[in-house]
Amino acid sequence: MSPSNDIGYEVDFLPVGDGEKSGDAVALRFGNLLADPPQQTVFVIDGGFQDSGKALVSHIQKYYKTNHVDVVVSTHPDNDHASGLEIVLNEMKVDLLMMHQPWNHTDDISDLFEDSRVTDEGVKRALRESLETVRTLETIAKKKSIQIVEPFWGVEGYNKNMRVLGPSKEFY
């Protein structure tokens with residue numbers, strides 16, 4: 001098979017933090033990586049802290065030779081996973097942001113509390129305050145016209161190269 005028909009993939013795990021607060025920022029690409037320029041699809045999964053986001057952008061620019069990310073995924077809203085994604089969204093061209101937006105799913109949540117002082121609006125406000133980092137991701141995405149998709153079970157994309165396995169919207 002000639003190099004122009006080769007389909008390859010690369011997954012890079014960049015360290016985030018150290019000690020108790022450690023994890024990964026993941027960059028992956030697939031496609032014809034030997035083409036010049038590479039014919040590739042680029043995903044970012046989580047971004048660590050702000051410094052990690054800077055390292056992630058630098059890594060993609062240096063090794064993937066691009067400023068374009070097809071999909072950015074925020075697996076959950078903890079700062080050690082999401083705050084570095086602000087850098088990715090601000091400094092790169094991104095097509096799609098996959099993130100949960102729990103503040104959009106609080107209708108009738110106050111019914112779960114026995115205290116009548118708990119209101120749907122109060123729960124929404126508390127969620128927004130506690131999830132400020134991912135709210136910032138949402139704000140950046142809207143400003144830059146980046147499509148936002150909530151990653152619920154069954155969501156597919158990129159010629160079925162990506163499929164979300166959970167959670168379901170009902171479970172959420």
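Q: How many helices and strands are there in the protein?
A: The protein holds 4 helices and 8 strands, where helices (H or I, at least four residues) and strands (E, at least two) are DSSP runs numbered from the N terminus. This is a predicted model, in which local features need pLDDT of at least 70 and side-chain atom pairs count only at pLDDT 80 or more, while totals for chains, interfaces and linings use all residues. Residues are numbered from 1 along each chain as its sequence is written, and side-chain values use heavy atoms, with hydrogens and water left out.

Q: And what pattern does the protein follow along the sequence?
A: Read along the sequence, the pattern is β-β-β-α-β-α-β-α-α-β-β-β.

Q: Is strand β3 mostly covered or mostly open?
A: Strand β3, which spans residues 39–45, is mostly covered, since 5 of its 7 residues are buried; buried means under 20% relative accessible area, exposed over 50%, and partly exposed in between, with a 1.4 Å probe and protein chains only.

Q: Which strand is joined to β3, then?
A: Strand β4 (residues 68–73) runs parallel to β3, and 3 bridges join them, where two strands pair if DSSP finds at least two bridges between them. Within this pairing, Val-44 stands opposite Val-72 in β4.

Q: What do β3, helix α1 and β4 make?
A: Together with helix α1 (residues 50–64), the strands β3 and β4 make a right-handed β-α-β unit, and right-handed means that, with the strands pointing away from the viewer, the path from the first strand over the helix to the second runs clockwise.

Q: Changing topic, how many aromatic pairs does the structure hold?
A: The structure holds 1 aromatic pair, and rings of Phe, Tyr and Trp (its six-membered ring) pair if their centres lie within 6.5 Å, with planes under 30 degrees apart counted as stacked, over 60 as edge-to-face and the rest as tilted.

Q: Why is the pair of Phe-30 and Phe-43 called tilted?
A: The ring centres of Phe-30 and Phe-43 are 6.0 Å apart and their planes stand at 40°, so the pair is tilted. The pair links distant parts of the chain, with Phe-30 in strand β2 (residues 21–32) and Phe-43 in strand β3, 13 residues apart.

Q: Is Phe-43 buried or exposed?
A: Phe-43 is buried, because its relative accessible area is 7%.

Q: Where is Glu-150, and what does its side chain reach?
A: Glu-150 is found in the loop between β6 and β7, and its side chain reaches the backbone nitrogen of Gln-101 at 2.8 Å.

Key
Polar contact = N/O pair within 3.5 Å; in protein donor to acceptor, adjacent residues only side chain to side chain.
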